[in-house]
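Subject: Structure handover

Hi,

Here is the structure for you to look over. My notes follow below it.

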Amino acid sequence: MKLALLTICDHSINANLIRTRLEHDGIPCFLFNEHFTNLMPTYYHMLGSGVRVMIPEERLDEAKQLLQISDGRITCPNCHSENVVNENESFFKKVVLLFIGIFMVSPIGNLINDFFCKDCGCAFKK
């Protein structure tokens with residue numbers, strides 16, 4: 001049985017709710033990185049962290065319909081525009097934050113989820 005990634009959750013509570021819903025409808029579900037994410041929440045989406053919800057590949061479409069998971073496009077919560085960019089896209093900014101984190105011997109935080117809408121100017125997290 002080949003597994004496919006359904007979603008990544010920032011808390012084990014959300015992942016367990018998804019797992020319970022899927023198993024109730026007969027879809028086997030496996031959680032990965034659950035304990036690491038609970039112990040190191042500041043590493044969410046860094047170093048491959050986040051609770052990964054994995055299901056059999058042949059049941060992926062069925063699970064997405066059941067949970068109403070979107071196709072992954074990010075839209076602005078204010079104006080619903082798709083003209084959205086990641087604020088931390090620049091290579092220079094990533095390198096500077098990496099060096100600051102190394103010298104502080106701690107992670108800077110979640111750098112992936114900061115988005116900015118070019119149409120209305122709204123800054124938001126995914």
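F32 sits in strand β2. Strands here are DSSP E runs of at least two residues, helices are H or I runs of at least four, and both are numbered from the N terminus. F32 is partly exposed, at 37% relative accessible area. Partly exposed lies between buried (under 20%) and exposed (over 50%), with a 1.4 Å probe and protein chains only.

Before the rest: this is a predicted model, where local features need pLDDT of at least 70, side-chain atom pairs count only at pLDDT 80 or more, and totals for chains, interfaces and linings use all residues. Residues are numbered from 1 along each chain as its sequence is written, and side-chain values use heavy atoms, without hydrogens or water.

N33 lies in the loop between β2 (30–32) and α2 (34–39). N33 is not a glycine, yet its phi is positive, about 65 degrees. N33 is partly exposed, at 31%.

Now the sheet. Three strands form an open antiparallel sheet, in the order β4-β5-β6. β4 (84–86) and β6 (123–125) are the edges; each has a single partner strand, so one side of each lacks a neighbour in the sheet. Pairing requires at least two DSSP bridges. Three bridges join β4 to β5 (residues 114–117). V84 stands opposite C117 in β5.

Best regards
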